[in-house]
Amino acid sequence: MFLKVVNPNTTWAMTAKIEAVSPEMGPPSIESHYDEALAVPGLLAEIEKGERDGVDGYVIACFGDPGLDAAREIATGPVVGIAEAAMHTATLLGRSFSVVTTLGRTTGRARDLAGRYGMRDSCRGVHACEVPVLALDTDPDARKIVTEACLDALCADGSDVVVLGCAGMADLCARISADLGVPVVDGVTAATLTVQSLVTMGLVTGGKRGEFAPPPPKRYSGMMQSFTTIR
């Protein structure tokens, strides 16, 4: 089985942390709608490369799940976003969960995704620790700050599970869970194991029909020329 974890930003330090690949183009971190939009072309280029390399399934390792639907159109195998997988996993561990993410400006996106994935009732709250994505790897106080934010979220929401709202928090998961004594879900692990299960069962997105069929063939212009779908 050949799986590919795509970290949509271009920061190799974060990619090494989750043993994945980063696109050659895009933002160094994803902390705004603008960042997310500009991350998608590089992400899709990695999916296309994976198709040529015979990849069986993909993980999009950004909590905004950028480009998820587009990636599902062009991938032969299943594609899972880490927010999607983390939220579904959390509902198997408790009645409710809280999301702890990086910056306050990203909380709206997490709430939108909870609604999209049918988790509006289960998601009791979305909280920001106000540690920028890149600082998760450099700030010596990052784990302490994130842990305190998780504790505050549990107390404020009365929830059973914490979902970590950033791929850059992946290596903090076990320690925070041990410190707080509650399940803490890392979306990268959850998504990777979900894709592994789907591939093992021989399942693909939507049977590659309808909405998730390959995109109609057309030529793109300018900087988008390499994304032309005419073969």
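Helices (H or I, at least four residues) and strands (E, at least two) are DSSP runs, numbered from the N terminus. Before I use them: this is a predicted model, where local features need pLDDT of at least 70, side-chain atom pairs count only at pLDDT 80 or more, and totals for chains, interfaces and linings use all residues. Residues are numbered from 1 along each chain as its sequence is written, and side-chain values use heavy atoms, with hydrogens and water left out.

I'll start with cysteine 123. Cysteine 123 sits in strand E5, residues 123-128. Is cysteine 123 buried or exposed? Its relative accessible area is 13%, so it counts as buried, meaning under 20% with a 1.4 Å probe and protein chains only. Contact here means heavy atoms within 4.5 Å. Leaving out residues up to four places away in sequence, cysteine 123 touches Phe97, Val99 and Ala114. Arginine 95 is 28 residues from cysteine 123 in sequence, and their C-alpha atoms are 9.2 Å apart.

Next, the cores. A nonpolar core is a set of buried Ala, Val, Leu, Ile, Met, Phe, Trp, Tyr and Cys residues joined through side-chain atoms within 4.5 Å. The largest has 42 residues, and Phe63, Ile82, Met87, Phe97, Val99 and Val163 touch the most other members. Helix H4 gives the most to this core, with 6 residues. A second, separate core has 20 residues, including Leu136 and Cys150.

Last, H4 itself, residues 82-91. Why is H4 largely enclosed by the rest of the structure? Because 7 of its 10 residues are buried, among them Ile82, Glu84 and Met87.

Definitions and conventions: Buried means under 20% relative accessible area, exposed over 50%, partly exposed in between (1.4 Å probe, protein chains only).
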